[in-house]
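User: Could you help me read a protein model that I have just opened? I am new to this and would like to go through it step by step.

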Amino acid sequence: MYGISQSTVNNQRFRVRDMDNEQIMSTFGNIGHLLNIAVERFITIGEIIAEENIDIKGDMYEAAKEARDAGKSIERLCDISPLGGMELRHHIEPLKDYGAIILAARSLLSSVTRILLLVDIIVVKKLLTAKKRASESLEKLESVMNFTEFVRAFSVFGTEMIELAYLTGHHRNSFKEERRRAQMFSARQILEKSIAILLTSSKNSLIHSDCVIVKENRDTVFCQIRRAMDLIHFVVKDSIFDSAKHMPFDKQASNPNYENESIYTTIKRIVNLIKRYKYQMSYYDSNTEGNNNSDAYFSFLDDDLWKSEKNLASSVGGGRLVNNTNFRKHLSSESMDLREELSMAFEKLFEKAHDFTDSPYISHNHRKNILSYCDNCKLEFDLYLNTIMKDQHDSAGIQVKGQGRDPELGMLSSLEELCKQLVVSVSSQIEDFNESLKICSKLVKSFHVLATNYDIDNLNQRSTKFHDCCDHIFDICKLLQHIAPTERLQVQAKCLAINLRIYGPQVFIAAKILWKYSNSSAANENFESFSDMWKWLTNEISMIAKKILVSINTTKNDREAETEKCETTDKLTKSGVPATEDGEMVEYSGLEGKNNGDLNTYQSKWSEDLSDDNDILKRAKNMSAMAFLMYQFTKGNGSLRTTQDLFTQAEYFAEEANRLYKVLRHFSYQVPASDNKKDLLNILDRVPTFVQALQFTVKDHTVGKAATFVKVDHVIRETKNLMNVINKVVSKCFECATKYKLNLTGITGGLTSERTNENMAGGMCDSKGTTSSSDIP
C-alpha cells in the first residue's frame, strides 16, 4: 500500500469526493464487520480442532486470540461515525488510521497462517499415525500361524487400511508438488492391488506352510505393501516438513536432485539456467543487440521455474541499474555459479543418455545418432561457457558475440535436436513394446494350462521367453520415463515398471506352485490373483505409454502456429466434441482412436457418417459430450456447478446409454453369423451391467461432505467404465458395417417414439457438446 503512486492517491481521493457520505460509511463498516465475522468462524473451527488435539491446544488458542484481536481491530478502525453534515471534501481520508489497519492486517495474516500450519501438523500426525498402526497390524498378520489368528489379524489390518485409505484419499490433493501427488496416487494404487492378492497368498502359505516358494510368493506381497506405505510416509513428511521449501530460490536451484530427474527434466533445468543468466545480462545492458535471438528456442520445453528465476533476477537488478559496479560483482559470482551448475547438469544429462545407448533394444542407427547429438551438445556447451567468460571479463559489460552464430542459440538448438532424437528412438520401439505386452499376456494364460497338465518342461521353457519380454517392457518403461513431459507421467511410469519387475517373476512362481499342488484350490486362487495383478500392470503400462506419446505430440502441437490451432478447434467444434488444449476429452472418455489415441484418427472415425438418421453416431457423440461435462466438473470447470447437477447428469447419461444399447441391438440383427457378430454381442451384453452399476451409484443416498466426495468419485469412475464399453461396441459396429457393407442409417425403426421423447432428458447435451442453462435442474 505504501508503494502507490501520488497520481493514484489523488485519483482515489477524487473518487471519494464524488461518493455519498453515507455510502462510504456503510461500505467501510460492512467490510470490517464481514471480515471480523469470517475470522470468528475460522477461529471457531480451529478451536474445535484444538479441543480434539491437546498437543497443539496452547499454540492454537494463542494464534486464535491474535487473529480475533486483529479482526476486531480492523472492524473498529473501519467503523466510521457520521460526519454530521460536514462536507466530505474536508475528510478526504475516511479511515481513521491507515497505518493501524496495515498493522492489524499483517497481524491477522500471520495468525491465520499459524493456525493453518497447526492444522497441517495435525493432518500429518493423523496420516503418520494411521500408517504406523497399519504397519503394526501388517507385522502381526505376517506372523500368524493358523487360520483363526489370520482371520482376526486380517480383520484388524483391513480396518486400519480403510482408515489410511480414507485419510490419504481425502488429502491427496493437498500436496502442492505434482511429483508428490503422483507418488501418493501410485502408492495408493499399489496398496489397493497388493492387498487384493494378500489374502490368497497368505491362505496358500498357511495351507502349504512347508513349501519355500509359497512363502517367497507371500513375502513379496508383504514387501510391496510395506514399500507403498513407506512411500506414503515419505510423501506426507517431505511435503510438510521439507526445509528446502523455506530456502531462497537461488539456494534451491543450486541443490537440484539430478539423480531422480529424467532427461526431459534435466534439459528443462538447463534451459531455465540459461534463461536466468540471459535475463540478468539484460539488466546490465538493456540495449544489447540481438539478445532475443534465442527466444524461439526457449519455448521448446516448458519452464515452470522461469517465473521464480525472473523474479530473482529482478530483485538483484532492482529494475534499474543504479550501481553498475555492484551489479557486475554479483554478475561475476552468478556466472561462476552458472558454470558449475551447467557443468553438473550436462554431466548428469550425458550419464542418463547412456540408458538409451546401453539399451539392447535401441537400434544401432539410433544409438549412433544419440551419441552424435551428445557430442554436438558438448561442443556447443563449451562454446557457450567461453561466451560467459568473455562477458565476465568484458570491460563494457556487453555480451561478446562470435563472428558466426550465437553460441546460446546453437546450444539450445542442439539440446532440442537431442531431445527429438531420444523421442524418435523410443517411438520406434513402441510396436515391439506392445508386442511384448501381448506375448506376456498369452504366456501367462499358457502357464495355467501347463501347470494343471503337469508339463513342467514347457513351463520352464516358456518362462525364459516370459522373463525376456519382462526385461524388454521394463527397459522401454525406463526410457519412456526419461521422455515423459510431466512429473506425473514420469512417476507413474517408474512405479509401474518397478512393480512389473517385482511381480513378473512371482507370476511364474505362482504357476510352479500350481504345478506342484495342482489339486489345491488355494494354489489355483493364488495363481489367478497374481495373474490379475499382472494384467492390471500391463494394462496400466500400456495406457501410460500412450499418454506419454500423446503428451509429447500435444506439447509439439502447442508450439505450432496459432492458425493451425484455430483450424483444429474448428474441426473439433464441427464434429460435436468440446475442444480442449490438452486432449482431456480423449483421455477421459476413453474415445481414443486406434492409432494410440491420435486425436485426428478419433475425429475421422466419429465423423465418417454425419447423417441425421444415424442414431449410433448421434447418440455416441452425445454421450461423449455429456461425459466430458462430468469430467470438467472434477476440474472445477464446465456448466455443472453442484454435485446434484453431476448426479442428475449421470442419470441422463445412463438413460442415453440405454437408448444407444437398443439401437445397437437392432443393428446387431443385420450382422451375419460370424466371429465378428459374436464379439459384437459379447461387448454389447456388457453395456446393461455398467448402466445398472452407474444407476445404483447415483441412487445411493449419502450424508455428509466426505461421503458425497466418495460418491462423486464413484460416479465419475462408473461413467468412465461405461464410456469405455460404449467406445468398444461402437467401434465394433463400424468394423462390422465396413466389412459386411451394412447401412448404418435408418436402423432405428420402431425407436422413433424414443427419439421424439429424448428431449425430456433435461441434462442432455446438444450436438456441439454444450448444455443450455434451462437443461440443468
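Analyst: We shall begin with the overall make-up and then turn to individual helices and residues. Please keep in mind that this is a predicted model.

User: How many helices and strands are there in the protein?

Analyst: The protein has 27 helices and 0 strands.

User: What share of the residues is buried?

Analyst: Of the 777 residues in the protein, 47% are buried.

User: Let us take a pair of helices. How do the axes of helix 5 and helix 6 cross?

Analyst: Helix 5 covers residues 147-170 and helix 6 covers residues 178-207; their axes come within 12 Å and cross at roughly 175 degrees. An angle over 145 degrees counts as roughly antiparallel, and helix 5 and helix 6 are therefore roughly antiparallel to each other.

User: Which residues meet there, in helix 5 and in helix 6?

Analyst: The helix 5 side includes Phe 147, Phe 150, Phe 154, Phe 157 and Met 161. On the helix 6 side, the residues include Met 184, Arg 188, Leu 191, Ile 195 and Leu 198. By class, this contact of helix 5 with helix 6 has 14 nonpolar, 3 polar and 2 charged residues.

User: Staying in helix 6, is Ser 205 buried or exposed?

Analyst: Ser 205, which lies in helix 6, has a relative accessibility of 11% and so counts as buried, since the cut-off for buried is under 20%.

User: Which residues is Ser 205 in contact with, leaving aside its neighbours within four places in sequence?

Analyst: Ser 205 is in contact with Val 214 and Arg 218.

User: New topic. How many disulfides does the structure hold?

Analyst: The structure holds 0 disulfides.

User: How long is helix 22, and what length is expected?

Analyst: Helix 22 comprises residues 615-634, 20 residues in total. From its first C-alpha to its last, helix 22 reaches 29 Å, close to the 28 Å expected at 1.5 Å a residue.

User: Why is helix 22 described as largely enclosed by the rest of the structure?

Analyst: The reason is that 18 of the 20 residues of helix 22 are buried.

User: What follows helix 22?

Analyst: Helix 22 is followed by Gly 636, which has a positive phi, near 80 degrees.

User: Which residue other than glycine has a positive phi?

Analyst: Tyr 454 is one example, with a phi near 60 degrees. Tyr 454 sits in the loop between helix 15 (430-452) and helix 16 (456-483).

User: Since you mention helix 16, is Leu 459 buried or exposed?

Analyst: Leu 459, found in helix 16, counts as buried, with 0% relative accessibility.

User: What does Leu 459 touch, not counting residues up to four places away in sequence?

Analyst: Leu 459 touches Phe 447, Leu 450, Phe 508, Ala 511, Lys 512 and Trp 515.

User: Where is Gly 46, and how far in space is Gly 46 from Ile 115?

Analyst: Gly 46 lies in helix 2, residues 21-52. Gly 46 and Ile 115 are 69 residues apart in sequence, and their C-alpha atoms are 6.9 Å apart in space. Gly 46 is buried, with a relative accessible area of 4%.

User: Which residues are partly exposed instead?

Analyst: One of them is His 714, at 31% relative accessibility, which is found in helix 26 (residues 705-740). Another is Glu 528, with a relative accessible area of 34%; Glu 528 belongs to helix 18 (residues 521-558).

User: How far from Thr 697 is His 714?

Analyst: They are 17 residues apart in sequence and 7.0 Å apart in space, C-alpha to C-alpha. As for Glu 528, Ala 510 is 18 residues away in sequence and 8.7 Å away in space, C-alpha to C-alpha.

Conventions:
Residues numbered from 1 in each chain as written. Predicted model: local features only at pLDDT ≥ 70, side-chain atom pairs only at ≥ 80, totals over all residues. Heavy atoms only, no water. Helix = DSSP H or I, 4+ residues; strand = E, 2+ residues; numbered from the N terminus. Expected span 1.5 Å × (residues − 1). Buried < 20%, exposed > 50% of the residue type's maximum accessible area, 1.4 Å probe, protein only. Disulfide = S-S within 2.5 Å. Axes fitted to C-alpha atoms, helices over the stretch in contact; angles between N-to-C directions. Parallel < 35°, antiparallel > 145°, perpendicular 65-115°, else oblique. Contact = heavy atoms within 4.5 Å. Nonpolar A, V, L, I, M, F, W, Y, C, P; charged D, E, K, R; others polar.
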